[in-house]
Amino acid sequence: MTAAANAKHRAASAKKIRQFVTPEGVDLELKIASAGLRFGALLVDLLLILLALFLFSLFMLWVGLASQSDVTVVVWLLGAFVLRTFWFIGFELGSRAATPGKRLMGIRVVARDGGRLTADAVVARNLIRELEIFLPLMMLGAGAAEDMVSGWIMLAGILWSLTLSLFLLFNRDRMRMGDLIAGTWVVMAQRVKLDADIGVDAAGGAMTFTEAELAVYGIFELQELERVLRGRDPRAMREVADAIRAKIGRPVAEEDDVFLLSYYRQLKARLERKLLFGKRREDKYASD
Amino acid sequence: MIPPAAPARVIDAPNFSTSRFRAEREADWIAFDLLLTKLEKKGAKALTSDELLQLPILYRATLSSLSIARATSLDRALLDHLEALSIRGYFLVYGVRESRWNRLRRFFLYDWPAAVRSVWKETLIIALVILLGALTSYSLVASNPEWYFNFVDEEMSGGRDPRATAEYLQTTLGHGKAAAEKGESGLHVFATYLFTHNSRVSILSFALGFAFGVPTLMLEYYQGIGLGAMMAVFSAKGLGFDFGGWLFIHGTTELFAAALSGAAGLRIGTAVVFPGARGRLQAASQAGRTAGKVMVGVILMLFAAGLLEGFGRQLITDTMLRYATGTLMLLFWLAYYYIPRREDVT
């Protein structure tokens, strides 16, 4: 990666971050969920709805055959309606503001203005969904059913309805039509386990590096190194260790993990010391 | 006297290090995490008063840790964890300020009628559009019955067209022998079907509103057209009054709901086209929230209409009684929505 690519990567991830200042004055830096995650969540939810509907139908069929009463038909119709209309609304009104699909993808709904997510917003955003999913399907059905609608008109109809459904691809906040109208966003909300601190200097003094050897890398490289160390993949560690050894001109003398860990700790200590003095070196291309 | 310079070696052992910071604060984060998990799983009621008091303290401690970590630490895992924990905490601490019961109570007593009241202009417009549709088709079909087939689907009408005899039409209104033979077995199925179908149409007419309200208007106009055409067929056979009763018993509720769903859609459409002094996005989201409340109400109204249509209409066969029930329902809705109440002032 070059300096330009690095900067571009940083700019791209910064573009997804939205300022979100709590009353305590801390910016939570919410990240907008990507279109792919949203689509994945939708697919999971639709599958779950179908599954629930299937099980519910089987159950009602069984009850209906046993009781010989058409009340079961009523229950089935109402149940299917409630399931379809209130699946999303019901889950998003909960404290995690996410359907099972969204939870799986680690995303949630929030109010754009930073206030609490109100029930009317959730209702509005999900009733619009009815349109976004079913309008293209309806267009397709209507076009296929009526011969007088020519293929081109059908195509135009489908395209028009798809621009509504795919509205989230055309704005940088990844808002659906429903999000736009309800004043909501869908943002990342994964849970992150607190991994052990690998920066403790218990055995960090196995090797010492000189100032010049530590001065070659910046924060980006430090955090990549952290990722490799936490990943504990011996092949990746070997590659990274070799790259660093080549860069600072050290012979292969120690175990890879011992070398990398000591290097990581000393590099981190050095960069954090600089940070405290107000110098943030983003990557190796930035001046030291 | 100049004091002798302190030996430089002392600075070598720093008092602050990010590892020490973490070691000191980590217990708070873990406690906060556990508390949040408990809150998410079991709700605020499961927390003891001690834990409730701890919650804001731990929340602020976590936010402060996040600020410090951002300024001093380069440990990605630590930063990510604190960020995720703070976001989760923020939405739980600030998210819910009302119990579900209170929310429900406020919706029925205040929010729902207030939302309906605030779209009164749109409701009037949509009502006029439906009326206009009905008048158009009525006058066309009355002058030339052939028009009927342009307006009403053959399948939907179920034989209720200009070619039918007065006797047949009479039976469709639930009078005469045929209706009695049919019995009441299918009533609830029919009512449920009507309810789900109408709800979907209403949701669609609301959802189409954001396309500047035009499709909503068209959909509502179309609803009026079907109505007017039927009306013309029945009144040509001298059954206008009976048909009115047949329609009125649930129609006041159902058409009111249809008008409201159209009004909700129109509100969004106009907000997008004419945002006024607000930003377009902000205007849309404000309109959307009002419309969302109206729509929950619409679904409830349609449920009532489905009951009236499925049960009420088949069980009450006297035309005058049907008119009375319909009028009563209309008066009830009007009173519920438009009589001002004390909460309006506050």
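This is a predicted model: local features need pLDDT of at least 70, side-chain atom pairs count only at pLDDT 80 or more; totals for chains, interfaces and linings use all residues.
View 1. Chain A is built from eleven helices and four strands. Its C-alpha trace spans about 85 × 50 × 45 Å along the principal axes. The radius of gyration of chain A is 27 Å, whereas a compact globule of 288 residues would have a value near 19 Å. Of the 288 residues in chain A, 28% are buried. Among contacts in chain A with a separation of 6 or more, 66% join residues 24 or more positions apart.

**View 2. The side of chain A that touches chain B.** Here 55 residues of chain A are in contact with 54 residues of chain B. At least two residues of this side of chain A come from each of α3 (71–92), α5 (119–145), α7 (177–182), α9 (219–231) and α11 (256–276) of chain A. The helix that gives the most is α5(A), with nine residues. By class, the side of chain A that touches chain B comprises 32 nonpolar, seven polar and 16 charged residues.

**View 3. The largest nonpolar core.** This core has 99 residues. The residues with the most contacts inside it are V110(A), I181(A) and V187(A) from chain A, together with A229(B), L260(B), V294(B) and M295(B) from chain B. Helix α12 of chain B (residues 240–273) gives the most to this core, contributing 17 residues. Another core, of 15 residues, lies apart from it; I219(A), L225(A), I244(A) and L261(A) are among its members.

**View 4. Surroundings of A229(B).** A229(B) is one of the residues with the most contacts inside the largest nonpolar core. With neighbours within four places in sequence left aside, A229(B) is in contact with S137(B), V141(B), Y148(B), F151(B) and V152(B).

**View 5. Packing of helices α2 and α3 of chain B.** The axes of α2 (residues 49–72) and α3 (residues 76–95) of chain B come within 9 Å and cross at roughly 145°. The crossing of α2(B) past α3(B) is left-handed. On α2(B), the contact is made by L55(B), P56(B), Y59(B), T62(B), L63(B), S65(B), L66(B), A69(B) and R70(B). On α3(B), the residues of the contact are L78(B), L79(B), L82(B), E83(B), L85(B), S86(B), G89(B) and V93(B). Taken over both helices, the contact has eleven nonpolar, four polar and two charged residues.

How values were computed
Residues are numbered from 1 along each chain as its sequence is written. Chains are lettered from A and ligands numbered from 1 in the order in which they are written. A nonpolar core is a set of buried Ala, Val, Leu, Ile, Met, Phe, Trp, Tyr and Cys residues joined through C-beta atoms within 7 Å. A residue is buried if 20 or more other C-beta atoms lie within 10 Å of its own, exposed if 12 or fewer, and partly exposed in between; C-beta atoms are placed from the backbone. Two residues are in contact if their C-beta atoms, placed from the backbone, lie within 7 Å. Ala, Val, Leu, Ile, Met, Phe, Trp, Tyr, Cys and Pro count as nonpolar, Asp, Glu, Lys and Arg as charged, and the others, Gly among them, as polar. The radius of gyration is taken over C-alpha atoms; the globule rule is 2.2 Å times the number of residues to the power 0.38. Axes are lines fitted to C-alpha atoms, for helices over the stretch in contact, and angles run from 0 to 180 degrees between N-to-C directions. A crossing is left-handed if the near helix is turned anticlockwise from the far one by less than a right angle, and right-handed if clockwise.
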